[in-house]
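User: I would like to learn how to read salt bridges and strand pairing in a model. Please take the salt bridges to begin with.

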Amino acid sequence: MAFAAICAALVATAAAGDKKYSNLHFSIVRAGKKVPIRNASVVIHPVNKHGEQEKGALELKTDGEGKTGIDGIRYGKLRVQVIAKGYQTFGEDFEISEPEKEFVIELKRPQDQVTIYK
């Protein structure tokens, strides 16, 4: 069964032919101090030509050095979100158009909330 799935994936890749793919590398660090953030979730969503998020998100986890990555992501627009306990959530869209792409994402600590209520 797994062998059939691998064969189907290879055939689909070969049929795509003219599609270009990128290897993505992420380093997630604390803003300012550049300390690696382990176990952060890096969520990647494809984005269509209208700027709308499509189905099929991938979630990666950072290692002890704050690093993670994935190979074989098709060129185009991606929405990258990074979520880590004790930090503000990061989110931004990126255009992927090169074979290797390195991201260094700095997460900030939460800011104090301001309220008019006591």
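Analyst: A salt bridge is a side-chain nitrogen of Lys or Arg within 4 Å of a carboxyl oxygen of Asp or Glu. Here Glu-106 forms one with Lys-34, and their closest N and O atoms are 2.5 Å apart. Glu-106 sits in strand 7 (residues 100–107) and Lys-34 in the loop between strand 1 (21–30) and strand 2 (41–46), so distant parts of the chain, 72 residues apart, are linked. Strands (E, at least two residues) are DSSP runs numbered from the N terminus.

This is a predicted model: local features need pLDDT of at least 70, side-chain atom pairs count only at pLDDT 80 or more, and totals for chains, interfaces and linings use all residues. Residues are numbered from 1 along each chain as its sequence is written, and side-chain values use heavy atoms, with hydrogens and water left out.

User: How many salt bridges does a search of the whole structure find?

Analyst: Two. In the other, Asp-93 joins Arg-79, with the closest N and O atoms 2.7 Å apart. Asp-93 belongs to strand 6 (residues 90–96) and Arg-79 to strand 5 (residues 76–83), so the pair ties together parts 14 residues apart in sequence.

User: Is Arg-79 buried or exposed?

Analyst: Buried means under 20% relative accessible area, exposed over 50%, partly exposed in between (1.4 Å probe, protein chains only). Arg-79 is buried at 19%, while Asp-93 is partly exposed at 31%.

User: How do strand 5 and strand 6 pair?

Analyst: Two strands pair if DSSP finds at least two bridges between them. Strand 5 and strand 6 are antiparallel over seven bridges.

Notes:
Helices (H or I, at least four residues) and strands (E, at least two) are DSSP runs, numbered from the N terminus.
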